[in-house]
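Hi,

Here is the structure I promised to pass on. Have a look at it first, and then read my notes below.

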Amino acid sequence: MDDIVKAALAKWPNVPDCHGWLGLDARGDWYMRDDRCQRAGPFAAEPGEGVAPAKGSRLLHDKLIAFIGRNYLADEQGRWFFQNGPQRVYVELEATPWIWRLQPDGSVQSHTGAPAGAVKHCLLDEAGRLYLVTALGLGLVHTSDMAQAADLVEQGTWQPEPVAVDSLPKRWAFVKSPQRVLGPGPWA
C-alpha cells in the first residue's frame, strides 16, 4: 500500500466504504461504474439471471491503473477492494480476483504487475477457461496467453484438474460482488 494512502487512513479513519463503482473484468481491465451504469445492471450477470451486464467505462489512464494496482487488497470476508486514501472502494469481479499474464520465461504475473510466484494448482472449468492457484491466490489466465498455457500443459508443467466455475468463490474464499452481498442491486 502506498505511504500516502496509509497517511490518509490515519488522518480520516471513518470514511464510509464505496460499493458498485469499480469493476475488474476477465481480461484484467478496470471499469468505473457511475450511478446510471449501476442502475442499468450488474457488472457481471450470474447464470440464469436474465439481466444484461453493464460494465461501465474502461479506465485508460496508466497512472490511475497503477495506483489502483498498488493498493488492491482483500478484506477478511474475501471482498477485494482498492484502498483510495481513507476509503475502501470494493471491486465487482467478472471472474476472479487475479487475471494472470504469462511471461516469455513461463513465469506468471498478475494484472497489477505483481509476480504471482509458483503455480500450485492448475484448474480447467466446464467452459475451457484455465485458472492457476499461486501464492497470491486464484486467478484466470488471460485469453491472449492461452496458446502459451496450452504449451505448458502439453509439456506436463501444469496438469489441469476439472473444476466447476460456480465452486470457485467458496473454494478460494472470494466474493465476486460485494455490492450484491448488501442486497439486490437497483436493477433487480
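Let's start at Gly23, which stands opposite Tyr31 in strand 2. Bear in mind throughout that this is a predicted model.

Strand 2 covers residues 30-32 and runs antiparallel to strand 1, with three bridges joining the two. Together they make a hairpin that has five residues between the strands.

Strand 6 takes in residues 87-93, and it runs parallel to strand 1, joined to it by four bridges. So how enclosed is strand 1 (residues 18-24) by the rest of the structure? Largely, because six of its seven residues are buried.

**Salt bridges**

I searched the whole structure for these, and the search finds seven salt bridges.

As for burial, Asp2 counts as buried because its relative accessibility is 16%, under the 20% cut-off. Arg70 is partly exposed, with a relative accessible area of 45%.

Then there is Arg101 with Asp145, where the closest N and O atoms are 2.8 Å apart. Here, too, the pair links distant parts of the chain, 44 residues apart. Arg101 is in strand 7 (residues 98-102), and Asp145 is in the loop between strand 11 (138-141) and helix 4 (146-154). Asp145 is buried, at 6% relative accessibility, whereas Arg101 is partly exposed at 32%.

Asp125 and Arg129 form another salt bridge, with 2.7 Å between the closest N and O atoms. Which of the two would you call buried, and which partly exposed? Asp125 is buried, at a relative accessible area of 5%, and Arg129 is partly exposed, at 36%.

Beyond these pairs, there is a network of salt bridges that links Asp25, Lys55 and Glu94.

**Aromatic rings**

How many aromatic pairs does a search of the whole structure find? It finds eight. Tyr72 and Trp80 make a tilted pair, 4.9 Å centre to centre with 35° between the planes. Tyr72 is buried, with a relative accessible area of 5%, and Trp80 counts as buried at 11%.

Trp80 also pairs with Trp98, this time edge-to-face: the centres are 5.3 Å apart and the planes are at 75°. Trp80 lies in strand 5 (residues 80-84) and Trp98 in strand 7, so this pair ties together parts that are 18 residues apart in sequence. Trp98 counts as buried as well, with a relative accessibility of 6%.

**His142**

The last stop is His142, and where does His142 sit? Its place is in the loop between strand 11 and helix 4. His142 counts as buried, with a relative accessibility of 4%. A polar atom of the His142 side chain lies 3.4 Å from the backbone oxygen of Arg27. If you leave aside neighbours within four places in sequence, His142 is in contact with Arg27, Ile99, Trp100 and Arg101.

Cheers

Key. Residues are numbered from 1 along each chain as its sequence is written. This is a predicted model: local features need pLDDT of at least 70, side-chain atom pairs count only at pLDDT 80 or more; totals for chains, interfaces and linings use all residues. Side-chain values use heavy atoms; hydrogens and water are left out. A salt bridge is a side-chain nitrogen of Lys or Arg within 4 Å of a carboxyl oxygen of Asp or Glu. Buried means under 20% relative accessible area, exposed over 50%, partly exposed in between (1.4 Å probe, protein chains only). Rings of Phe, Tyr and Trp (its six-membered ring) pair if their centres lie within 6.5 Å; planes under 30 degrees apart count as stacked, over 60 as edge-to-face and the rest as tilted. Two strands pair if DSSP finds at least two bridges between them. A polar contact is a pair of N or O atoms within 3.5 Å; within protein, one must be able to donate a hydrogen and the other to accept it, and residues adjacent in sequence count only if both atoms are side-chain atoms. Contact means heavy atoms within 4.5 Å.
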